Amino acid sequence: SQYTTRSSRSPSAIPLVYHELYSGTELPAGHRFPMPVFRRIYQKLMELNSIGRVDLQVHEPELCEASLREKLSLVHTEEYIHKFMLGDLDAKEIRRMGLPWSPSLVKRTLSELAGTMMAADLALSSPSGVALSCAGGTHHAHKDFGSGFCIFNDMGVTALSLLQEEKVARVLIVDLDVHQGDGTAAIFGGSGDGEAEKYERSVFTFSMHCQDNFPARKQESSMDIGLPRGVGDAVYLPTLASNLTDVVSRYQPDLVLYDAGVDVHAEDQLGYLQLTTEGIYRRDMIVLDTCAAFGVPVAGYVGGGYAEDLDELAWRHCQLHLAAHDLNNVGASP
């Protein structure tokens with residue numbers, strides 16, 4: 001067995017992937033990355049589960065370092081994997097990564113990758129067609145370096161692993177974090193492809209983000225929608241709905257990997273877009289409902305989000321789970 005299970009036994013329950021190591025690394029006081037939020041998301045979801053607002057079946061990934069290292073090599077260079085695992089990164093590489101190296105960070109990073117891969121497997125087998133992780137979405141990681149709090153590109157590794165195992169033939173990565181998924185775009189290339197060729201590739205990368213934001217140097221996704229600063233629900237939601245429907249209908253993926261970053265929120269510290277919390281719920285519903293309409297399973301990930309109030313930040317991340325539950329139980333009130 002690849003995981004252990006607890007909580008709901010209902011056949012309609014949505015699989016939730018969580019490992020205590022998601023928040024298992026201590027960072028220096030005042031560090032921008034909200035490491036404790038992953039545990040806070042899980043705790044909030046368990047509260048919602050206890051009152052029936054969501055119906056979740058919790059899965060915990062097993063950490064097999066040898067197997068995970070083998071999967072990492074599908075995307076990342078052996079030199080980079082080796083240097084990170086052993087703590088041999090130089091000061092410049094660590095600064096670019098944005099997180100101080102420690103043995104506990106290695107374990108935390110592997111647990112996140114294992115959880116991302118498990119959520120994809122569960123999405124493919126779940127009756128709901130959805131599985132969600134309490135972490136994941138490390139889209140700034142390139143094949144030979146980490147960046148922007150992202151060490152290994154978990155969605156890239158997951159996509160190539162599933163393709164290698166012939167569990168899927170076409171994977172769509174939907175990245176709605178406020179920052180472009182530059183690492184994912186660079187890994188899967190597509191530069192110079194014509195419009196028709198992009199829809200024939202085994203991985204299609206869709207990134208809708210704030211254009212005037214990190215990273216300064218953008219990469220070329222299969223489809224990029226760079227929004228100006230200040231865009232709110234009224235423009236964002238219809239823009240997403242029309243473009244995503246077009247991509248899913250044309251590409252016809254076997255699986256969607258969804259980076260549901262909440263740094264699009266109006267009060268996010270690093271965002272520059274103006275979505276409300278309700279807007280995030282509606283965004284997540286658009287993604288899930290569009291994929292459901294085309295019969296495409298979805299694995300959803302946390303992505304970015306930055307706020308000092310971790311309870312408020314966790315609540316923004318919980319919107320994805322609320323939307324998944326409501327779609328899975330048509331007639332429930334949002």
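Predicted model: local features only at pLDDT ≥ 70, side-chain atom pairs only at ≥ 80, totals over all residues.
**Stop 1**

Show the side chains of E5, residues 171-175. In a regular strand the side chains alternate between the two faces of the sheet. Which residues sit on each side here, and are they buried or exposed? Val171, Ile173 and Asp175 make up one side, Leu172 and Val174 the other, and all of them are buried, which leaves both faces of E5 covered.

Now bring in the neighbouring strands. E6, residues 203-210, runs parallel to E5 and is joined to E5 by five bridges. E8 also pairs with E5 in the parallel sense, again over five bridges.

**Stop 1**

Most residues other than glycine have a negative phi, and most peptide bonds are trans. What does Glu166 do? Its phi is positive, about 60°, although Glu166 is not a glycine. Glu166 has a relative accessible area of 71%, and since anything over 50% counts as exposed, this residue is exposed.

Then jump to Gln252, in the loop between helix H9 (233-251) and strand E8 (255-259). Gln252 is another residue other than glycine with a positive phi, this one near 55°. With a relative accessible area of 57%, Gln252 is exposed.

**Stop 2: H5 against H6**

Two packed helices are described by the angle between their axes and the distance between the axes. Select H5 (residues 103-125) together with H6: the axes come within 9 Å and cross at roughly 45°. That angle makes H5 oblique to H6. The crossing is right-handed.

- From H5, select Glu112, Leu113, Thr116, Met117, Ala120, Asp121 and Leu124.
- From H6, select Asp154, Met155, Val157, Thr158, Ser161 and Leu162, which those H5 residues meet.

Colour the contact of H5 with H6 by class and you'll get seven nonpolar, three polar and three charged residues.

While you're on H6, click Gln164, which belongs to this helix. Leaving aside neighbours within four places in sequence, Gln164 is in contact with Lys71 and Leu74. Gln164 and Leu74 are 90 residues apart in sequence, yet their C-alpha atoms are 9.1 Å apart in space.

**Stop 3: H2 against H3**

Next, pick helix H2 (residues 65-72) and helix H3 (residues 78-86). How do their axes cross? They come within 10 Å of each other, at roughly 145°, and the crossing is right-handed. Glu65, Arg69 and Leu72 of H2 make the contact with Ile81, His82 and Met85 of H3. By class, that contact divides into three nonpolar, one polar and two charged residues.

**Stop 5**

Arg39 is in helix H1 (residues 37-50). At 34% relative accessibility, Arg39 counts as partly exposed, because that value falls between the 20% and 50% cut-offs. Apart from neighbours within four places in sequence, Arg39 is in contact with Tyr18, Glu20 and Ser23. Draw a distance to Tyr22 as well: Arg39 and Tyr22 are 17 residues apart in sequence and 7.1 Å apart from C-alpha to C-alpha.

Ser222 is in the loop between E6 and strand E7 (223-227). Is Ser222 buried or exposed? At 10% relative accessibility, Ser222 counts as buried, because that is under 20%. Not counting residues up to four places away in sequence, Ser222 touches Lys198, Val203, Phe204 and Thr205.

His265 is buried, with a relative accessible area of 5%. Select its contacts beyond four places in sequence to see what is around His265: Leu273, Leu275, Thr276, Thr277, Ile280 and Arg316.

Methods: Residues numbered from 1 in each chain as written. Heavy atoms only, no water. Helix = DSSP H or I, 4+ residues; strand = E, 2+ residues; numbered from the N terminus. Buried < 20%, exposed > 50% of the residue type's maximum accessible area, 1.4 Å probe, protein only. Pairing = 2+ DSSP bridges. Axes fitted to C-alpha atoms, helices over the stretch in contact; angles between N-to-C directions. Left-handed = near helix turned anticlockwise from the far one by under 90°. Contact = heavy atoms within 4.5 Å. Nonpolar A, V, L, I, M, F, W, Y, C, P; charged D, E, K, R; others polar. Parallel < 35°, antiparallel > 145°, perpendicular 65-115°, else oblique.
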